[in-house]
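This briefing is for a reader meeting the structure for the first time. Please look over the sequence and the model before reading on.

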Amino acid sequence: MAVGGTCLNLGIKIPFGFPVSNFKASPKSFSSLSTSGLCRASQVAELFPTVSPEVYVRKARLEDCWEVAETHCSSFFPEYSFPLDFVLRIDRLIAMLFGFSIPNGCQRNCLVAVVGSRDEEACLLGTEELKLGGFDGRLSLNKGYVTGILTVDTVADFLPRKGPLRQRRKGIAYISNVAVRKRYRRKGIAKKLIMKAEAQARSWGCRAIALHCDTSNPGATKLYIGQGFRIIKVPEGANWPQPKTSPNVEFVFLMKLLDV
């Protein structure tokens with residue numbers, strides 16, 4: 001899925017005055033990015049995905065929580081072993097269920113790619129109104145196996161604030177925590193998750209969708225550019241918010257306009 005040439009200067013108008021960089025998505029430019037160390041950003045890449053028709057994407061339910069925590073930890077912290085990995089999974093589980101506070105008027109959904117029966121084929125117990133930590137409270141008797149995860153929201157914690165009062169930006173969805181289990185990578189699952197997140201953002205009335213990507217993971221950047229995202233150049237001296245990870249991690253900020 002090579003992307004050659006000056007793919008970022010396509011005459012696309014980016015909203016809110018975000019400047020588009022002159023970044024060239026050529027193999028040479030990506031090879032200049034650091035590839036040392038482990039990627040601790042909120043993206044796990046698939047370089048050459050293929051179609052995987054047996055996998056479909058839906059909103060996460062409470063019964064998926066442990067598998068979501070497993071997918072997150074095994075993707076972003078693969079060096080951890082027992083008992084630290086188990087403690088980390090418990091920590092992620094608690095954070096997912098009780099640590100999310102959503103401001104009034106904002107939305108957040110965790111999406112999962114699963115192998116198994118689709119919702120219309122599954123036997124679901126409970127009502128859609130029951131939610132906990134952004135998870136659907138319904139239960140399924142044949143829920144399927146979680147192979148990938150993604151979070152999409154309109155909270156705008158990692159988007160530059162607007163005006164002197166530093167108000168939250170509206171109309172932009174934000175993607176984070178994209179991860180695919182190791183043995184399911186390169187099967188098009190990340191693409192399916194991103195497409196579902198874009199559809200969710202459109203249903204919320206968003207005009208654009210954005211994310212941060214670790215510069216040490218050029219494969220992920222290629223993936224997002226291949227999906228229509230464009231790298232946004234942060235103005236010199238600007239203090240734009242970024243995900244809270246290791247202090248030595250650097251990010252690029254990407255955005256895509258949505259057809260609504």
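The model is predicted. The chain has 260 residues, with five helices and 11 strands. Its mean pLDDT is 76.

**Confidence**

- Of the residues in the chain, 67% reach a pLDDT of 70 or more.
- Confidence is highest in helix 4 (residues 189–203), where the mean is 97. Helix 1 (residues 27–31) has the lowest confidence, with a mean of 42.
- Residues 1–13 have a pLDDT below 50. This stretch still has 26 contacts in the model beyond near neighbours in sequence.
- Residues 22–53 also have a pLDDT below 50. Here the model shows 91 contacts beyond near neighbours in sequence.

**Overall make-up**

- Buried residues account for 50% of the chain.
- The chain exposes about 13,200 Å², and carbon and sulfur atoms supply 54% of that area.
- Contacts between residues at least 6 apart in sequence were also sorted by separation: 80% of them join residues at least 24 apart.

**Strand 8 and its partners**

- Strand 8 covers residues 172–180. Eight of its nine residues are buried, so strand 8 is largely enclosed by the rest of the structure.
- Strand 7 (residues 145–153) runs antiparallel to strand 8, and five bridges join the two. Thr151 stands opposite Ser176 in strand 8.
- Strand 9 (residues 208–214) runs parallel to strand 8, with four bridges between them. Ala173 stands opposite Ile209 in strand 9.
- Strand 8, helix 4 and strand 9 together form a β-α-β unit, which is right-handed.

**Strand 11 and its partners**

- Strand 11 (residues 251–257) is mostly covered, with six of its seven residues buried.
- Strand 9 is joined to strand 11 by seven bridges, and these two strands run antiparallel. Asp214 has Phe251 of strand 11 as its bridge partner.
- Strand 10 (residues 230–232) also runs antiparallel to strand 11, through three bridges. The bridge partner of Ile231 is Leu254 in strand 11.

**Helix 5**

- Helix 5 (residues 218–226) is mostly covered, as seven of its nine residues are buried.
- The buried residues of helix 5 are Pro218, Gly219, Ala220, Thr221, Leu223, Tyr224 and Ile225.

**Val112**

- Val112 lies in strand 2 (residues 108–115). With a relative accessible area of 0%, Val112 is buried.
- Leaving out residues up to four places away in sequence, Val112 touches residues that include Tyr56, Val57, Arg58, Val68, Val146, Gly148, Ile149 and Leu193.
- The C-alpha atom of Val112 is separated by 9.7 Å from that of Val178, and the two residues are 66 residues apart along the chain.

**Aromatic pairs**

- How many aromatic pairs does the structure hold? There are seven.
- In one of these pairs, the rings of Phe82 and Phe86 have centres 6.4 Å apart and planes at 50°, so the pair is tilted.
- Phe82 is exposed, because its relative accessibility is 65%. Phe86 is partly exposed, with a relative accessible area of 41%.
- Tyr145 and Tyr184 form a tilted pair, with 6.0 Å from centre to centre and 45° between the planes.
- Tyr145 belongs to strand 7 and Tyr184 to the loop between strand 8 and helix 4, so their pair ties together parts that are 39 residues apart in sequence.
- Is Tyr184 buried or exposed? Tyr184 is buried, because its relative accessibility is 12%. Tyr145 is partly exposed, with a relative accessible area of 29%.
- Ring pairs also link Phe82 and Phe86 with Trp66 in a cluster.

How values were computed
Residues are numbered from 1 along each chain as its sequence is written. This is a predicted model: local features need pLDDT of at least 70, side-chain atom pairs count only at pLDDT 80 or more; totals for chains, interfaces and linings use all residues. Side-chain values use heavy atoms; hydrogens and water are left out. pLDDT is the predictor's confidence in each residue, from 0 to 100. Contact means heavy atoms within 4.5 Å. Rings of Phe, Tyr and Trp (its six-membered ring) pair if their centres lie within 6.5 Å; planes under 30 degrees apart count as stacked, over 60 as edge-to-face and the rest as tilted. Buried means under 20% relative accessible area, exposed over 50%, partly exposed in between (1.4 Å probe, protein chains only). Two strands pair if DSSP finds at least two bridges between them. A crossover is right-handed if, with the strands pointing away from the viewer, the path from the first strand over the helix to the second runs clockwise. Accessible areas come from the Shrake-Rupley method with a 1.4 Å probe; for residues, only the protein chains shown count as cover.
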